[in-house]
Amino acid sequence: MPELRRMLPSSNALFVFDAAARNGSFTAAAAELNVTQPAVSRMLGQFEEHLGVRLFDRKAGRAVLTEEGELLYRRVLEGFRSIETGLIEIERRRKGTETVTLSVSSAFTTHWLMPRIDKLQRHFPQVDLRFQLISGALRGPVENVDLGMRFRDSEEPYSGGTLVMKEVMLPVCSPTYMSEVEPAEGNTVIRLAETPGDWAADYPKFLTKRRGPSKALSFTDYAVVVQAALLGQGIALGWLTVTSHWLLTGALVPASDALTTTRRICEFLPPRNRPMRPLAAEIRDWIIGQMRSEIAAIDQLYPKLDLMTACY
């Protein structure tokens with residue numbers, strides 16, 4: 001911080017710079033800051049002189065950032081957003097509300113969490129939930145959030161996570177798709193684009209009784225894969241961490257009597273760059289408990305699958 005103070009003519013220079021860069025105009029920045037346009041121009045001129053570089057090109061009444069100006073603006077914007085987030089968090093805590101940020105897949109959020117978000121909010125009325133959504137595979141570090149859902153190989157070293165369930169998949173489709181039996185037609189297989197190989201080849205037959213050549217739909221977001229299955233567009237490989245809600249409600253049904261299991265496990269990980277907050281641990285345990293109860297209920301609906309043994 002002493003070095004930052006040395007490099008700035010005044011702390012106010014950053015606010016003036018931000019307003020001018022954001023508005024692309026000294027006049028608009030002056031109006032926002034409730035000062036005169038010459039005052040903004042003078043402040044930014046002193047800032048540029050202090051830094052020894054030009055931050056703006058003045059063109060026909062517009063203020064266009066130079067390359068150095070763009071570099072500084074990106075950093076200023078990041079810093080201001082971080083400060084603003086901290087101040088908002090302090091205000092919410094003062095009012096009895098805490099923010100908890102989850103790093104989870106868009107599919108889990110859409111198809112498992114959203115149907116029970118009201119229930120979660122009633123259980124944690126003081127929580128303001130935020131999400132860092134991942135549309136593809138659940139990977140990457142868990143940083144700058146309170147809790148992250150990730151998969152890892154069970155033979156890898158313990159990562160400090162808490163088990164959600166083992167990785168278990170089941171071909172699923174809508175009841176409508178299941179009932180539309182036309183043996184001459186083939187099944188439509190709905191794939192996640194980055195999934196290696198043809199998962200449907202591991203299943204010699206599906207319960208739909210369609211025997212014609214199969215067709216395929218491919219999406220890069222697993223949330224869309226599940227949505228397509230819900231709409232009766234075909235058969236998807238359903239990760240139970242995502243599809244268990246729809247299996248329990250009957251919106252999706254098993255398209256096979258066989259499960260696919262792997263060596264991977266699904267975990268909730270704490271952030272690696274800060275301690276786990278007690279409230280985040282409570283939310284983690286609530287989600288895990290809800291999911292386990294749901295799998296137990298599906299196990300009763302489809303006892304042949306033996307889901308509880310496979311998942312835990």
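## Asn-144 and its exposure

At a relative accessibility of 56%, Asn-144 counts as exposed, where exposed means over 50% relative accessible area, buried under 20% and partly exposed in between, computed with a 1.4 Å probe and protein chains only. Asn-144 lies in the loop between strand E4 (127-134) and strand E5 (147-153), and its phi is positive, at about 60°, although Asn-144 is not a glycine. Helices (H or I, at least four residues) and strands (E, at least two) are DSSP runs, numbered from the N terminus.

This is a predicted model, in which local features need pLDDT of at least 70 and side-chain atom pairs count only at pLDDT 80 or more, while totals for chains, interfaces and linings use all residues. Residues are numbered from 1 along each chain as its sequence is written, and side-chain values use heavy atoms, with hydrogens and water left out.

Most residues other than glycine have a negative phi. Asp-306 is found in the loop between helix H11 (278-301) and helix H12 (307-311), and with a relative accessible area of 36% it is partly exposed.

Thr-101 belongs to strand E3 (residues 98-105) and is buried, its relative accessible area being 18%. When neighbours within four places in sequence are set aside, Thr-101 is in contact (heavy atoms within 4.5 Å) with Arg-130, Phe-131, Gln-132, Val-145, Asp-146 and Leu-147.

Helix H6 (residues 106-113) is mostly covered, since 7 of its 8 residues are buried. The buried residues of H6 are Ser-106, Ala-107, Phe-108, Thr-109, His-111, Trp-112 and Leu-113.

## The chain as a whole

The chain has 12 helices and 11 strands, and 45% of its 312 residues count as buried. Its radius of gyration, taken over C-alpha atoms, is 27 Å, whereas a compact globule of 312 residues would have a value near 20 Å by the rule of 2.2 Å times the number of residues to the power 0.38. Along the principal axes, the C-alpha atoms fill a box of roughly 80 × 45 × 35 Å. Among contacts between residues at least 6 apart in sequence, 77% join residues at least 24 apart.

The chain exposes about 16500 Å², of which carbon and sulfur atoms supply 54%, the areas coming from the Shrake-Rupley method with a 1.4 Å probe. The mean positions of the 37 positive and 36 negative charges are 2 Å apart, with Lys and Arg counted as positive, Asp and Glu as negative, and His and the chain ends not counted; each charge is placed at NZ of Lys, CZ of Arg, CG of Asp or CD of Glu.
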